[in-house]
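Here are some friendly notes to read with the structure open beside you. Please take the points in order and follow along in the viewer.

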Amino acid sequence: MDRRNFLKTTGALAISSIGAETQEGSGRSGKHYFYDFHGSPFEVGLQHGKALRTEIRREAQPSLDGLTAKSGVSQEAALARMVSKYEGLYRERFPALIEEIHGIAEGAGLGYAYAFFAAIRDGI
């Protein structure tokens, strides 16, 4: 199960995540973990970031590397462009998600722009 397979409930977020172990020939990898986060959107994000800081970086970095290679700009410039281009739309339509991303950034020790990219990159 990948990071997109999640269950969202009022004030809670449950996420399945894959660990680092692999099973040969299964077509899938890792152990599956279940996380059950509760609280405000920011608190849920904070818990998410703390629990999955390594996985967030591991999944987002290849996409960011591809974006910077394609655009020919620095990582910081690419992230700033993403925030500039898409944050307003997400803030207008999904304000709680923006608060959750702020929590993820703090919990994972990431800059907001990196956490924003990691959270929305599959949706753009």
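1. **How to read the model.** This is a predicted model, in which local features need pLDDT of at least 70 and side-chain atom pairs count only at pLDDT 80 or more, while totals for chains, interfaces and linings use all residues. Residues are numbered from 1 along each chain as its sequence is written, and side-chain values use heavy atoms, with hydrogens and water left out.

2. **Overall layout.** The protein has 4 helices and 3 strands, and along the sequence they follow the pattern β-β-β-α-α-α-α. Helices (H or I, at least four residues) and strands (E, at least two) are DSSP runs, numbered from the N terminus. Buried residues make up 36% of the 124 residues; buried means under 20% relative accessible area, exposed over 50%, and partly exposed in between (1.4 Å probe, protein chains only). Of the contacts with a separation of 6 or more, 54% join residues 24 or more positions apart, where contact means heavy atoms within 4.5 Å.

3. **Helix 1 with helix 2.** Start with helix 1 (residues 41-71) and helix 2 (residues 75-93), which pack at an angle of about 100° with their axes 9 Å apart. Axes are lines fitted to C-alpha atoms, for helices over the stretch in contact, and angles run from 0 to 180 degrees between N-to-C directions. Helix 1 and helix 2 are therefore roughly perpendicular to each other; angles under 35 degrees count as roughly parallel, over 145 as roughly antiparallel, 65 to 115 as roughly perpendicular and the rest as oblique. Helix 1 brings Gln 61, Leu 64, Leu 67, Thr 68 and Ser 71 to the contact, and helix 2 brings Gln 75, Ala 78, Leu 79, Arg 81 and Met 82. By class, this contact has 5 nonpolar, 4 polar and 1 charged residues. Here Ala, Val, Leu, Ile, Met, Phe, Trp, Tyr, Cys and Pro count as nonpolar, Asp, Glu, Lys and Arg as charged, and the others, Gly among them, as polar.

4. **Helix 2 with helix 3.** The axes of helix 2 and helix 3 come within 5 Å and cross at roughly 120°, and the two helices are therefore oblique to each other. Glu 87, Tyr 90, Arg 91, Glu 92 and Arg 93 of helix 2 meet Pro 95, Leu 97, Ile 98, Glu 99 and His 102 of helix 3. This contact has 4 nonpolar, 1 polar and 5 charged residues.

5. **The core.** Which residues have the most contacts inside the largest nonpolar core? They are Ile 56, Phe 116 and Ile 120, in a core of 26 residues. A nonpolar core is a set of buried Ala, Val, Leu, Ile, Met, Phe, Trp, Tyr and Cys residues joined through side-chain atoms within 4.5 Å. Strand 3 (32-38), helix 1, helix 2, helix 3 (95-108) and helix 4 (112-120) each give two or more residues to this core, and helix 4 gives the most, with 7.

6. **Helix 4.** The buried residues are Tyr 112, Tyr 114, Ala 115, Phe 116, Phe 117, Ala 118 and Ile 120, and they pack against helix 1, helix 2 and helix 3.

7. **Aromatic residues.** Tyr 90, Phe 94, Tyr 112 and Phe 116 form one aromatic cluster. Rings of Phe, Tyr and Trp (its six-membered ring) pair if their centres lie within 6.5 Å; planes under 30 degrees apart count as stacked, over 60 as edge-to-face and the rest as tilted. By this rule the count comes to 4 aromatic pairs. Tyr 90 and Phe 94 have ring centres 6.0 Å apart and planes at 45°, so the pair is tilted. Tyr 90 and Phe 116 pair edge-to-face, at 5.9 Å centre to centre and 85° between the planes. Tyr 90 lies in helix 2 and Phe 116 in helix 4, so this pair ties together parts that are 26 residues apart in sequence. Phe 116 is buried, at 0% relative accessibility, and Tyr 90 is buried at 13%, whereas Phe 94 is partly exposed at 45%.

8. Glu 59 is in helix 1 and is partly exposed, with a relative accessible area of 34%. Glu 59 and Ala 118 are 59 residues apart in sequence and 7.8 Å apart in space, C-alpha to C-alpha. Asp 65 is also found in helix 1, partly exposed at 41%.
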